[in-house]
Amino acid sequence: VTVEDFEVVCRGLYRALCIREKNMQQSLQRFPTTPSQYLRTIEGEPWKPSDVGPVFTPPVKGGQDPFDTGNLPEDLGYHVQMKDGVVYVYADKAAAERNEPKDLPYPSLEHFIDDMNFLLVLIAQGPVKTYAHRRLKFLSSKFQVHEMLNEMEEMKELKNNPHRDFYNCRKVDTHIHAAACMNQKHLLRFIKKSYCVDADRVVYDAKGKQLTLKQLFQQLKLHPYDLTVDSLDVHAGRQTFQRFDKFNDKYNPVGASELRDLYLKTENAINGEYFATIIKEVGSDLEDAKYQHTEPRLSIYGRSPDEWAKLAKWFNTHRVYSPNMKWMIQVPRIYDVFRSKNFLPHFGKMLEYIFVPVFEATVNPQAHKQLSVFLRHVS
């Protein structure tokens with residue numbers, strides 16, 4: 001690779017960073033300070049610190065109800081509507097009828113496509129790959145030198161730091177689905193406990209026929225007391241790597257989707273009560289451990305407009321809160337499945353179902369109290 005190639009690469013990376021900075025500023029996100037200073041140096045302009053900060057919800061203080069709706073801000077009265085995949089904000093419904101949206105900046109489709117095409121071409125270039133590989137090797141070598149020079153000093157400093165080691169420093173588990181946040185022994189213990197307490201409770205609706213917990217297990221030809229961790233078979237193994245078909249099957253306890261619906265879903269005949277109880281038990285264990293935190297994930301599919309409302313109702317009704325948990329929302333990329341089964345007319349409708357309810361709860365929290373409370377606890 002010649003020096004001229006590296007100059008071309010650096011110009012391309014410079015433009016890529018500018019695209020990143022532009023889009024983060026338009027979406028009111030904070031661009032990192034160091035690259036921003038370097039970009040201004042390249043452009044010969046003075047650097048000014050950005051006044052855009054992250055949106056941060058303060059943690060719930062001691063004695064404060066995490067589900068309190070009394071301190072929600074007042075409604076702004078705005079009307080939100082999506083057209084052609086772009087959300088427009090209107091002063092009120094009358095302005096929406098007159099088609100007079102607020103003049104808010106957003107990237108045009110033409111500029112977005114130009115930027116995306118440039119980035120796709122950039123990452124496919126051979127010199128860029130070589131430059132990036134050399135850069136990573138350089139950074140790795142720098143870290144190894146740092147380790148060799150300072151390892152003993154850092155170890156000495158760690159030993160001199162009282163009341164702090166791996167076991168009492170705060171640790172956060174990320175990318176954990178809520179349906180898999182408990183260990184398999186915990187799930188097995190809860191299944192046996194629920195059978196002991198609620199054997200005669202109606203818990204399942206099978207095509208209009210209501211079944212008690214005892215009848216459900218009889219239909220599955222199972223008995224909870226015969227179950228073991230191995231027969232439950234919900235642990236991840238090597239055979240699930242890069243095989244999402246097998247990975248999804250692993251979410252079914254004993255391979256029975258009925259048990260998954262009953263114990264690991266927010267919407268079922270008992271309104272997700274068992275699922276909420278298990279998660280609250282996991283949260284209680286985290287609080288006892290004190291230094292462990294987690295970010296369990298819940299799914300919004302974009303299949304219907306009331307998904308957010310149902311999820312928020314489940315969260316508030318069962319009071320699924322722990323100070324050691326912060327919720328993440330994930331959107332599975334299965335639009336092709338929904339479209340093939342005619343659940344959705346087009347991709348824009350899926351975007352509308354995912355984003356518009358959140359925008360409406362943001363601008364008018366008093367009109368969407370349960371969702372506004374839930375969004376406080378979503379990171």
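1. Start with threonine 266. In this predicted model, threonine 266 sits in the loop between helix 10 and helix 11. Its contacts, leaving aside residues up to four places away in sequence, are Asn271, Gly272, Phe275, Leu311 and Trp314. Leucine 311 is 45 residues from threonine 266 along the chain, yet their C-alpha atoms are 7.1 Å apart.

2. Next, the largest nonpolar core. The core has 52 residues. Tyr263, Ile279, Trp314, Trp327 and Phe374 touch the most other members. Several elements give two or more residues to this core, among them helix 6 (184-198), strand 4 (202-206), helix 7 (213-219), helix 10 (257-263) and helix 12 (307-317). Helix 14 (347-363) and helix 15 (369-376) are also on that list. Helix 11 gives the most, with seven residues.

3. Phenylalanine 374 deserves a look of its own. Not counting residues up to four places away in sequence, phenylalanine 374 touches Leu298, Trp308, Leu311, Ala312, Phe315 and Ile329. Leu311 is also one of the contacts of threonine 266.

4. A second core is separate and has six residues. Val9, Phe118, Leu122 and Val128 are among them.

5. Now the domains. The assignment gives domain 1 as 1-54 + 107-162 and domain 2 as 171-376. Taken over C-alpha atoms, the centres of the two domains are 38 Å apart.

6. Where does a nonpolar patch lie on the surface? Leu109, Phe112, Ile113, Met116, Leu120 and Ile123 form this patch. Together they have about 580 Å² of accessible area. Leucine 109 belongs to helix 4 (residues 109-124). Leucine 109 counts as exposed because its relative accessibility is 57%, and the cut-off for exposed is over 50%. As background, nonpolar side chains in soluble globular proteins tend to be buried together.

7. Aspartate 84 is not a glycine, yet has a positive phi of about 55°. Aspartate 84 lies in the loop between strand 1 (79-83) and strand 2 (86-90). Is aspartate 84 buried or exposed? Aspartate 84 counts as exposed, because its relative accessibility is 84%.

8. Lysine 221 is the other case. Its phi is near 55°, a positive value in a residue other than glycine. Lysine 221 lies in the loop between helix 7 and helix 8 (229-232). With a relative accessible area of 77%, lysine 221 is exposed.

Note on methods:
Residues are numbered from 1 along each chain as its sequence is written. This is a predicted model: local features need pLDDT of at least 70, side-chain atom pairs count only at pLDDT 80 or more; totals for chains, interfaces and linings use all residues. Side-chain values use heavy atoms; hydrogens and water are left out. Patches are made of residues with over 30% relative accessible area and no salt bridge: like charges are joined within 9 Å, nonpolar side chains (Val, Leu, Ile, Met, Phe, Trp, Tyr) within 5 Å. Accessible areas come from the Shrake-Rupley method with a 1.4 Å probe; for residues, only the protein chains shown count as cover. A salt bridge is a side-chain nitrogen of Lys or Arg within 4 Å of a carboxyl oxygen of Asp or Glu. Helices (H or I, at least four residues) and strands (E, at least two) are DSSP runs, numbered from the N terminus. Buried means under 20% relative accessible area, exposed over 50%, partly exposed in between (1.4 Å probe, protein chains only). Domain bounds come from an automatic or database domain assignment. A nonpolar core is a set of buried Ala, Val, Leu, Ile, Met, Phe, Trp, Tyr and Cys residues joined through side-chain atoms within 4.5 Å. Contact means heavy atoms within 4.5 Å.
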